[in-house]
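Here is a guided walk through a model with its sequence. Keep both in view as you read.

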Amino acid sequence: MSGLLQNIELPDSTLPWLFALREKGREAFIRQGLPTAKTEAWKYTRPRDLQVDDFVMQTSPCHCSDECDCEHHHHSSSLGDALPFDCYALHFDNGHLRHEHLPLPRGVQIMPLSDAFSFADDIKSRLGKTLNLDKYPFAALNTAYLNEGVYISIAKHTRLDKPLALVYHTHSCHDNLFFNLRNLIVVESGAKVELIEYHHYSGAEKSRYFANLVNEIFVGRDAVLSHYKLQDEAFKAVHIAFNGVKVKGGGAYRSFCLQRGANLARNETFVSLTEEGASTEVNAAYIMNGWATIDTTTDVEHLAPHTVSSQLVKGVVGGEAKGVFQGKIHIAPHAVKTEGRQLHKALLLTDTAEVDCKPELEIFADDVKCSHGAASGELDEEQLFYMRSRGIGEDEAKQLLIDAYLEDVLNTLPDTSVKQWFASKVK
Amino acid sequence: MSTETEKPEIIDESGDKYKYGFVTDIASDSAPMGLNEDIIRFISAKKGEPDWLLEWRLQAFRFWQKLEEPTWAKLHYDKIDYQSLHYYAAPKQKVSPKSLDEVAPELLATYAKLGIPLKEQEALAGVVAVDAVFDSVSVATTYRAKLAEQGIIFCSISEAIKHHPDLVRRYLGSVVPYTDNFFACLNSAVFTDGSFVYIPKGVRCPMELSTYFRINAKNTGQFERTLIIADEGSYVSYLEGCTAPQRDENQLHAAIVEIVILKDAEVKYSTVQNWYPGDKDGKGGVYNFVTKRAACRGANSKVSWTQVETGSAVTWKYPSCILQGDNSVGEFYSVAITNNLQQADTGTKMLHIGKNTTSKIISKGISAGRSNQTYRGLVKVSPHASGARNYSQCDSLLIGDSCGSHTVPYVENRNKTARLEHEATTSKISDEQLFYCRQRGIGEEEAVSLIVNGFCKEVMQHLPLEFAIEAAKLINISLEGSVG
């Protein structure tokens, strides 16, 4: 554990509230330690890889010598062009926000989190309020290192003309890089915004690093935040992300997360529907091979009447990989007239693949409609035969079936170039 | 070492809803309160057990001392003081009875109130053979001679230990080892009696076998242990009914049922559990911690669990199937009803190990009052279980806005040819259905019971006839007072 908890001097430690918050995170992580086989929330995903002591933290962007062939030394705008659609893009290199000027429309305020500590009015009342440090050990660890990340605030009734993108480039020149990022995203009432997260890797193929990310998201009254994420990390990387979301009355949080990279990845989303009329969609897909473990964990909490949630998660698992889905719908007492739906389906491609799933309902109110479903199986022999008999090669036929399998979850995305981009990534 | 139990108060039957809340007034022969190695030696000596069994009990007890009571279930109850219980209570009798005529009349009267008058049973055409367990000792086993003609052994487990030690030694603890869990381990150390069934090769048991359990003496934990062995090609249907007299303290019940099913054999195990659930304010009631497991060892073997759980203050029960043999089948049908402050955490485990194994889970949960209910289940497919198939359905019905209903299924698939499906829904009784009934002059309470019975029908139809009628009545009794 010492590898993950290092004594690094962080800036702004003079702010007493920030210092206290970091300490709280540190203590909560020490109390819990790394999850073990007995930790119910991590029953199927065991972060064994993290037990080694060799993680390296960089408190500032890498300043290696010229001989170093890290791509970021001669980083060019080519990385910025990674997204094939028009957007306002913010870039992170190895876990550090790239400081560059971004022309922003009115009503959008973006600053590095470290600036926000002193300048954003609502930072104290919001930071750390979407997560329970004693429940999420990695979010606690993230809190101990609270420094890097971005603060995004969308003013009332602002409508963005194009998506806002957070692009995370990792091209570590040091092995075993470890970084923590915390984004605070506030969407004020009536605003509407699309947020895209793209985690990708370009560097030595066998690079191993650990990205520990937390997004805290506040969706105001009647506001809509669409949050689409693509996780495409290096195949030996560890990617652990926690999204804490609070949605107010009439507001909507719609998310989709496609995971296809990393050796160990977990995308955990905790949505709290706090007022009447709040709604959420938490959809996800995962495609995996090799020895990876990819975990999608969701927890939707209905705290008020007339709240609606739906979840659709689909996975394709090959190689010796393991797909994990844990989903929970919680309905608080008196949160009547609520609706919660959840469906998880997985396709196993090989004899060595594994899928573990735990859909959970926790209901304390009677006038509700809740359901969950889970299914897993292999590709339909007959469908495959149908195509083979029509001269379609086996690999191609399989790919066609997989595409068809994932189509309904991709269709939860609006019909734009963003959807086409995601569709191209499931190939 | 015998103590006279104080004369307990007889609770007026008419004054309370719990029909079985009477106490039989006979002196019982109890072990002193508490649990230690001497008590285990006492139990073992009392029952004249062989040394290997005593040694096994002691091993279990030593292991139990190292275990901690599990807390993962969604159950809240006062900590159980295992040292303030009597671990042995036998009805006091000079000689063991040879026929029903020698059985104490009070005991027979008790069973009559429960609706299983042994006297009558014997006269009735061979429908059900009953092995009645009264506290810890089996008082009478009917129809034994008739079953013996076909080689079927149906007796109390203590008798089986005496007369069929090889069978018992071979299979006891082979499905639920004492290391399995806290309550199973406790049971292994102190179990007092239970039923033993052996169905020989190719025999189809001509009648339904049945056991009735009653917890009678005050402060007595009941730890019965049932062992059923179905040899190749055999079939048996076994019924278990549970009732307990009304008491204010919580009574502990930690039972084990082990079933071994060999090639081509089939066992159907049905339970109706209506232990005393405690009163409106959650006072009293039985703590029911049961480990039930069936091992389908041979190819084409089949096990079917059917349970109707309406009683107990706290239920912790997961009848499981280990599907080892190729093509073996496991089924689980459950209706659980909780009212007032009852809590139930129940479900099943289906472990697919053999090829082409299939399993089916149908669970219906009804929560009313301020009760809480959890379905907790596991479906696990091992890498070699190709062609495995599972279908699970868990439906919950909520009556009133202060109860809770939870569903926690675990589905683990490690074989690509396995096909697993799980579905769960939670809702309340629909206003339309209720309105439809009310409109036709059916009272609200009656309408609710009608709808609930319809909701449970899929499970109830798997109960043997004698049980189905009783179970339908029990559902109505359990839900009384939950509407309006």
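Across the interface of chain A and chain B, 16 residue pairs are in polar contact, both at pLDDT 80 or more. A polar contact is a pair of N or O atoms within 3.5 Å; within protein, one must be able to donate a hydrogen and the other to accept it, and residues adjacent in sequence count only if both atoms are side-chain atoms. On chain A, strands E19 (354-363) and E20 (368-377) each supply at least two residues of the side that touches chain B. That side of chain A holds 15 nonpolar, seven polar and twelve charged residues.

This is a predicted model: local features need pLDDT of at least 70, side-chain atom pairs count only at pLDDT 80 or more, and totals for chains, interfaces and linings use all residues. Residues are numbered from 1 along each chain as its sequence is written, chains are lettered from A in the order in which they are written, and side-chain values use heavy atoms, without hydrogens and water.

Strands (E) are DSSP runs of at least two residues, numbered from the N terminus. Two strands pair if DSSP finds at least two bridges between them. E19(A) pairs with strand E22 (residues 404-413) of chain B, antiparallel, over six bridges. There, Asp356(A) has Glu412(B) in E22(B) as its bridge partner.

Now turn to chain B. Eight of the nine residues of strand E11 (residues 266-274) are buried, so E11(B) is largely enclosed by the rest of the structure. Buried means under 20% relative accessible area (1.4 Å probe, protein chains only). E11(B) pairs with strand E13 (residues 302-309) of chain B in the parallel sense, over eight bridges. Tyr269(B) stands opposite Trp305(B) in E13(B).

Technical notes
Buried means under 20% relative accessible area, exposed over 50%, partly exposed in between (1.4 Å probe, protein chains only). Helices (H or I, at least four residues) and strands (E, at least two) are DSSP runs, numbered from the N terminus. Ala, Val, Leu, Ile, Met, Phe, Trp, Tyr, Cys and Pro count as nonpolar, Asp, Glu, Lys and Arg as charged, and the others, Gly among them, as polar.
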